[in-house]
Amino acid sequence: MTKIERLALNSDLLRAFVAIAENGHLTLAAKRLNRTQSAVSVQLRKIETALNTRLFQRHAKGMTLTSDGEKLLPIARDILADMYRAQALFEEPLRGTIRIGIPDHYDDMVFEVVLAEFGRAYPEVDIFVTSGCSSGYATAILKGDLDIAVLSGREHAGGELLETEATHWVEGERFETDPEKPIPLAVLDRGCWWSKLPVTALSQQGRVFNIAFKSESFSNLRCAIRAGLAIGVLPARAIQDGMRTAPANRRLPPLPALARTLMVSQQAPADIARAVTEALKAGLAAHPG
């Protein structure tokens, strides 16, 4: 096989590679791509053959990037993002209204970057965004109150698996605590699974803690953590300057990853919904958690 013949890359192969890299497992990547695991495995073999290298190390619990895979990942993300932008140049102008629900910890990236770029690309589309706790979004989709929603939860909750994101114990950069005293904890006051996560994890480990800060606002939660008032749990993408993941010597319990599910109403305007979905996927690929 010649070098030219080997370099038969295409967007489907690159999307499969990025999905595996971001999910760390063929099964999760297949769910995200709405394909079978065997089909994604075939795509991985094709791209590794095309590049004549191994991109992943296989382990009992999943897959991690090799050094060559680490080199390819940012390039693949850039290519996919450029392809989306090129396609948008020649599409018929979209007109209409779309109502989108996103988790509030998506504000910094999805709202300020992805949806802002979408608005510039499609100036004749009116975008109405609901940002907050996503626990009610599935009902809003079914009732027709939202056209598109991103749901956060411990497990894939129907719809399309958009991504999985690691969660971390997070503290302010100058945070200090006495290991002999209860752990000061910052939590959301919403009553959903996400709010209960840190309390459940510490209780199962038998750790003593004290809820030092509670708020319904995700933004306020991050402020409390950054100010050093308490330790909290955040998705990887929500960690900001002035914060750090808690060091290993705190011996905090492991945390499950979050599943992001994309749901689209059957009543949503199809062309606009499709464009928003593509923009979300491209944006998340370019700004991984």
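1. Arg 251 is found in the loop between β11 (243-245) and β12. Helices (H or I, at least four residues) and strands (E, at least two) are DSSP runs, numbered from the N terminus. Arg 251 has a positive phi of about 55°, although it is not a glycine. With a relative accessible area of 59%, Arg 251 is exposed; buried means under 20% relative accessible area, exposed over 50%, and partly exposed in between (1.4 Å probe, protein chains only).

2. On the basis of the values: this is a predicted model, in which local features need pLDDT of at least 70 and side-chain atom pairs count only at pLDDT 80 or more, while totals for chains, interfaces and linings use all residues. Residues are numbered from 1 along each chain as its sequence is written, and side-chain values use heavy atoms, with hydrogens and water left out.

3. A positive phi is also found at Asn 52, a residue other than glycine, where the value is near 55°. Asn 52 lies in the loop between α4 and β1. Its relative accessible area is 57%, and Asn 52 is exposed.

4. The next point concerns the sheet. An open sheet of five strands has the order β4-β3-β5-β12-β6, with mixed pairing; two strands pair if DSSP finds at least two bridges between them. The edge strands are β4 (125-132) and β6 (160-165), each of which pairs on one side only. From one strand to the next, the twist averages 20°.

5. Individual pairings may be followed across this sheet. β3 and β4 pair in the parallel sense over eight bridges, and in β4 the bridge partner of Gly 101 is Thr 130. Strand β3 (residues 96-103) also pairs with β5 in the parallel sense, over two bridges; in β5, the bridge partner of Gly 101 is Ala 149.

6. Strand β5 (residues 148-153) is mostly covered, five of its six residues being buried. β5 and strand β12 (residues 258-264) run antiparallel and are joined by six bridges. Gly 153 stands opposite Ala 259 in β12.

7. How do helices α2 and α4 pack, and at what angle? Helix α2 (residues 11-23) and helix α4 (residues 37-51) pack at an angle of about 110°, with their axes 9 Å apart. Axes are lines fitted to C-alpha atoms, for helices over the stretch in contact, and angles run from 0 to 180 degrees between N-to-C directions. α2 and α4 are therefore roughly perpendicular to each other (angles under 35 degrees count as roughly parallel, over 145 as roughly antiparallel, 65 to 115 as roughly perpendicular and the rest as oblique). The contact (heavy atoms within 4.5 Å) involves Asp 12, Leu 13, Leu 14, Ala 16, Phe 17 and Ile 20 of α2, together with Val 40, Gln 43, Leu 44, Lys 46 and Ile 47 of α4. These residues divide into eight nonpolar, one polar and two charged; Ala, Val, Leu, Ile, Met, Phe, Trp, Tyr, Cys and Pro count as nonpolar, Asp, Glu, Lys and Arg as charged, and the others, Gly among them, as polar.

8. A search of the whole structure finds 17 salt bridges, a salt bridge being a side-chain nitrogen of Lys or Arg within 4 Å of a carboxyl oxygen of Asp or Glu. In one of them, the side chains of Arg 58 and Glu 48 meet at 3.5 Å, N to O. Arg 58 lies in strand β1 (residues 56-59) and Glu 48 in helix α4, so the pair ties together parts that are 10 residues apart in sequence. Arg 58 is partly exposed, at 41% relative accessible area, whereas Glu 48 is buried, at 12%.

9. Asp 104 forms a salt bridge with Arg 190, and the closest N and O atoms are 2.2 Å apart. Since Asp 104 lies in the loop between β3 and α6 (107-121) and Arg 190 in the loop between β8 (183-188) and α8 (193-205), the pair ties together parts that are 86 residues apart in sequence. Asp 104 is buried, with a relative accessible area of 11%, and Arg 190 is partly exposed, with 24%.

10. Asp 271 and Arg 274 form a salt bridge, with the closest N and O atoms 3.1 Å apart. Both residues lie in helix α10 (residues 270-286), three residues apart, about one turn of the helix. Finally, Glu 163, Glu 165, Arg 237 and Arg 260 are linked in a network of salt bridges.
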